[in-house]
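Work through the exercises below with the model open beside you, and try each task before reading its solution.

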Amino acid sequence: MKNIFDYIVTLLGNHSCVIVPSLGGFVVNEKVIGTPSDSDFFTPPSKEVIFNPVLTHNDGLLAQEISQTEGVSFDEANSKIISWVSSIKDKIAQNNAQAAYAACFEVMPEAKAFEEVDLSTYQNL
């Protein structure tokens, strides 16, 4: 069984947004090639993932992925998501941001900040 965050990373490879119900949405923003005016260097095109806490409506994408991959019902997949979100919110409520962070990103313990995570190691975006 994969961690919920593994499913989010996988889905971000094919979708521009993955919503985690009652938590928020992970959104992929594409950055175009840039040329800073004070430099002779180009910045390559890239993608960044941002988190938007306003996107909380359950569109079913994450639950459907879990359901298909693990061979469980859609309702069981939603229950797994709810449990995962609940554990993260509990840790945040206990003022244990480090534990909440670890719960989200335990698949990438070397990450210091979400912006620094190289998603290409999980799937080409």
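Predicted model: local features only at pLDDT ≥ 70, side-chain atom pairs only at ≥ 80, totals over all residues.

Residues are numbered from 1 along each chain as its sequence is written, and side-chain values use heavy atoms, with hydrogens and water left out.

**Exercise 1.** Determine in which order the strands of the sheet are arranged, and what packs on the sheet.

*Solution.* Begin with the elements themselves: helices (H or I, at least four residues) and strands (E, at least two) are DSSP runs, numbered from the N terminus, and two strands pair if DSSP finds at least two bridges between them. On these terms 3 strands form an open sheet in the order E1-E2-E3, with antiparallel pairing. Strand E1 (17–20) and strand E3 (46–52) are at the edges and have a single partner strand each, so one side of each lacks a neighbour in the sheet. From one strand to the next, the twist averages 20°. Next, take the pair E2 (residues 24–31) and E3, which run antiparallel and are joined by 7 bridges; here Lys31 stands opposite Ser46 in E3. Finally, helix H1 (residues 4–12) packs on the sheet, where H1 touches E1, E2 and E3 (contact means heavy atoms within 4.5 Å). The direction of H1 makes about 155° with that of E1, where axes are lines fitted to C-alpha atoms, for helices over the stretch in contact, and angles run from 0 to 180 degrees between N-to-C directions.

**Exercise 2.** Identify the buried residues of H2 and what covers them.

*Solution.* Buried means under 20% relative accessible area, exposed over 50%, and partly exposed in between (1.4 Å probe, protein chains only). In H2, the buried residues are Leu62, Ala63, Ile66 and Ser67. They lie on the same side of H2, because they cover an arc of only 135° around the axis, the arc being that of the directions from the helix axis to the C-beta atoms. What covers them includes H1, E1 and helix H3 (74–93). Ser67, with a relative accessible area of 12%, touches Val72, Ser73, Phe74 and Ala77, when residues up to four places away in sequence are not counted.
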